[in-house]
Amino acid sequence: MAKAPSAKTPGLETSIQTLGAAKIPSPLRYGRYVGQDETLELRLTEEEADVSAGPGVPFKFEKAGPRGAMYFDSSKVKCAIVTCGGLCPGINDVIRAIVMDAHHNYNVASVIGIRYGLQGFIPKYGHDIIELTPKNVSNFHVFGGTELGSSRGPQAPDEIVDALERMNVNVLFMIGGDGTMKAAANIVREIQARKSRISVIGIPKTIDNDINFVGRSFGFDTAVEKATEAIACAHVEAVGAFNGIGVVKLMGRESGFIAAQATLALKEVNFVLVPESPFALDGPGGLLDQLEHRLSTRHHAVIVVAEGAGQHLCEASGRTDASGNPVLCDISSLLIARIKEHFKARAMEATIKFIDPSYIIRSVPANANDRVYCGFLGQNAVHAAMSGRTGMVVSRLQSRFVHVPLELVTMKRKKLNTASDYWRAVLESTGQEEMPQQG
Ligand code: ATP
Ligand code: MG
């Protein structure tokens, strides 16, 4: 039997750092505590982690939940929350859950909200801070987006830690994507270099579901639900015209999970294009050839394209956004232009209707499932912080909440495995043939 990765396996360390010994009795009223070092052994699938050690290798993760002994004397603790990167349904629910749990269960002295991402720490931007109380966060979940505001772009870790020290913050909760988790790791290193005692807890946010060691990220369920509405509309448009083609662009810069899952949810999709499967447009068996065949026989088609699909078909601009993420080429415009060209050259009638629901999907409030999930994430983040843990994220893997070191979740991006049964099921539900894998 394969052994759980040892502490020596490079990059696969699963033990969690602490600020020091936990000696203070927990103020929680429930008395159902998780053992101080209680772990869970999980065999992860490829949909949960891109594990270099190989799928099925058991990992020992620390179990999330309240501990009987605290590092912090919680009634003296000041917490801060920051949200970074793009929007995703559920961010406000996580903020709300942290504030409610910190105040009601741990009776903390204060929770402050840092405005506009990491910028909020840096004096030159002049952003205010918000005192977050149970009263003023009570309606946060009604709205999508982030009530704290967000931003991209790097800020120096030493200036961030200066700000935390100036404000006497003991615990920092960072809600954000892969970039934010890397920034969190840098902040932890700076705190350690100063021998400071500030806990940093990450709550991974990615609408694309592409964070390693996070089974399914919060907001993903809502995103898929919204995406299926757009696909249903595209289908109506497609059948409403002779040789109608509905094209829906969905999120998924490097991983096509939303496109794949929405395709499984709504079997109207005939072609699904994801970053993990570089497809040919031209030639026998290419997208245009398959689309022509579909129109000749059925006279309508729906194409779902993830924003990061087909990047090999266009020239890289070389541009990056403020956080250094590559600016992708607009694959949907290229597809539409090439489809029009193709059918014009064959004197075939074809009507294309294009729907891009991305900003609607990102900004809606979370659905019930995601709300429940966000509530657990917020509560477990507070439990972890009060017990003195740091340099970790709260994650749900196989329906269990666990602690995962920041280094593990930022190791690499999680991607769809196109050799998996899951992807086969996606292709099976579209009727799309495997396409040649070159441009
Ligand atoms: P999203 O999923 O929306 O992309 P994200 O957290 O990855 O979320 P980014 O804009 O990439 O969003 O990063 C958020 C913050 O983290 C930014 O302020 C950015 O400068 C910082 N950051 C990004 N990448 C890194 C990195 N490699 N090292 C340190 N900080 C980073
Ligand atoms: Mg990112």
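**Exercise 1.** Work out at what angle helix α3 (residues 157-166) and helix α4 (residues 178-193) pack, and how far apart their axes are.

*Solution.* Start with the geometry: α3 and α4 pack at an angle of about 65°, and their axes are 9 Å apart. Axes here are lines fitted to C-alpha atoms over the stretch in contact, with angles from 0 to 180 degrees between N-to-C directions. Helices are DSSP runs of H or I with at least four residues, numbered from the N terminus. That angle makes α3 roughly perpendicular to α4 (65 to 115 degrees counts as roughly perpendicular).

Next, who touches whom? On the α3 side you'll find P157, D158, I160, V161 and L164, and on the α4 side N186, I187, E190 and I191 (contact means heavy atoms within 4.5 Å). Sort them and you get six nonpolar, one polar and two charged.

A word on the ground rules: this is a predicted model, where local features need pLDDT of at least 70 and side-chain atom pairs count only at pLDDT 80 or more, while totals for chains, interfaces and linings use all residues. Residues are numbered from 1 along each chain as its sequence is written, chains are lettered from A and ligands numbered from 1 in the order in which they are written, and side-chain values use heavy atoms, leaving out hydrogens and water.

**Exercise 2.** Find which residues of α5 and α6 meet.

*Solution.* First place the helices: the axes of α5 (residues 220-239) and α6 (residues 257-265) come within 9 Å and cross at roughly 60°. So α5 is oblique to α6. Now list the partners: F220, A223, V224, A227, T228 and I231 in α5 meet F257, I258, Q261, A262 and A265 in α6. Their tally is nine nonpolar, two polar and no charged.

**Exercise 3.** Describe how α1 and α10 pack.

*Solution.* Helix α1 (residues 91-105) and helix α10 (residues 368-386) sit with axes 8 Å apart, at an angle of about 45°. This makes α1 oblique to α10. From α1, the contact residues include D93, V94 and A97, and from α10 they include R371, C374 and G375. The whole contact splits into six nonpolar, four polar and three charged.

Methods
Helix = DSSP H or I, 4+ residues; strand = E, 2+ residues; numbered from the N terminus. Parallel < 35°, antiparallel > 145°, perpendicular 65-115°, else oblique. Nonpolar A, V, L, I, M, F, W, Y, C, P; charged D, E, K, R; others polar.
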